[in-house]
Amino acid sequence: MPRLKLPVKVLVISMFGPEAQPWIDAYKLKIDITVPGLSPDYPAVHCNLQGLCNLTTGMGYANAAASVTALMHSGKFDFRDTYIVIAGIAGINPELGTVGSAAWARWVVDYGLAWELDPREMPAGWANGYFGINTKGPGEKPPLDYRTEVFRLNDALVDKAYALSKKAKLLDSPEAIAFRAKFPSGPASQPPKVIQCDTMSGNTWFAGTRLGQRATEWTSLMTDGAGRYCTTQQEDNATLEALKRVDALGLADFQRVAILRTGADFDRPYPGQLDVDGLLKYAEQGGFVPATQNLVKAGRPLVDAILNNWWQWKRGVPSR
């Protein structure tokens with residue numbers, strides 16, 4: 001007889017343990033299912049009887065793509081109707097958010113797929129040494145030959161996720177409050193809240209005013225002016241490509257994927273701070289604990305809506 005597959009209503013994808021634990025605790029994910037091919041650090045998927053499961057992939061592109069692919073092809077689960085919430089911490093752009101803020105992404109752009117020259121050797125007048133592959137220089141959109149450079153998520157799901165969660169009360173910390181006061185204006189200097197803006201992927205952590213500005217310009221270029229860069233992380237383009245491929249096989253639905261990223265630290269320094277200190281002393285910003293906890297605080301309204309009204313959501317994102 002064929003093996004029965006466990007139907008999953010919501011799959012939360014985390015990248016490392018501190019992102020996963022708040023979900024495991026909040027939803028009592030006590031059913032552990034070992035899956036061959038997952039990260040040796042996180043070899044099991046954690047589920048409950050409501051139909052919610054959590055996968056922890058391991059950090060970075062290789063771990064994310066390998067773990068998602070192994071899970072989707074494991075034959076142990078039915079993901080055809082599943083809503084997938086990629087939920088992790090990130091660096092955040094102080095022009096659009098602050099530490100602790102939770103951002104639902106519509107656009108997901110790869111920061112690292114580019115040609116690069118050392119800044120000391122780039123042509124005069126260039127702002128930095130990055131430019132699109134098979135282009136003549138900065139400001140020219142590349143031909144997207146890799147097919148993974150930019151993704152757009154389902155507008156209806158992004159809008160619904162934001163509408164459900166925008167009034168969520170987010171956690172803060174005394175350290176984060178003190179640190180954000182060093183910024184002269186909002187939103188960096190203001191308390192965290194749920195926002196909608198876009199995310200940038202790349203295995204290499206970048207930091208500093210100039211690279212942050214490059215992220216803003218690159219996002220705008222790659223989305224034809226529609227995207228607004230606000231968070232930076234290491235996995236999402238890789239995860240999305242893995243999901244796109246299993247969607248093509250009928251194993252999952254790419255239109256049911258959402259991304260929630262919370263600000264653990266700023267991507268650039270406050271005025272007067274050295275760029276290198278902003279990077280090396282990121283833990284002093286006090287955003288790590290609020291960011292990990294706010295994944296559930298901001299994500300729960302969407303997850304609960306799906307679990308508690310499955311008869312509606314199974315057919316697709318409700319219009320009301």
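A pocket, on a 1 Å grid over the protein atoms alone, is an open set of points where a 1.4 Å probe fits, with protein on both sides within 12 Å along at least five of seven lines; lining residues have an atom within 4 Å of a point. Grid points are joined across faces, edges and corners, and a volume is the space filled by probe spheres set on the points.

I am working with a predicted model, where local features need pLDDT of at least 70, side-chain atom pairs count only at pLDDT 80 or more, and totals for chains, interfaces and linings use all residues. Residues are numbered from 1 along each chain as its sequence is written, and side-chain values use heavy atoms, with hydrogens and water left out.

**Entry 1, second largest pocket.** I looked up its volume and found about 210 Å³ of space. Its lining includes Glu 116, Met 122, Tyr 130 and Arg 210. I sorted the lining by class and got six nonpolar, two polar and two charged residues; Ala, Val, Leu, Ile, Met, Phe, Trp, Tyr, Cys and Pro count as nonpolar, Asp, Glu, Lys and Arg as charged, and the others, Gly among them, as polar.

Of its 26 lining residues, Ile 89, Ala 90, Gly 91, Trp 205 and Asp 265 lie nearest the centre. The classes came out as 14 nonpolar, seven polar and five charged.

I then checked contacts (heavy atoms within 4.5 Å). Setting aside neighbours within four places in sequence, I found Leu 302 in contact with Val 85, Trp 104, Leu 157, Ala 161, Leu 164 and Trp 313.
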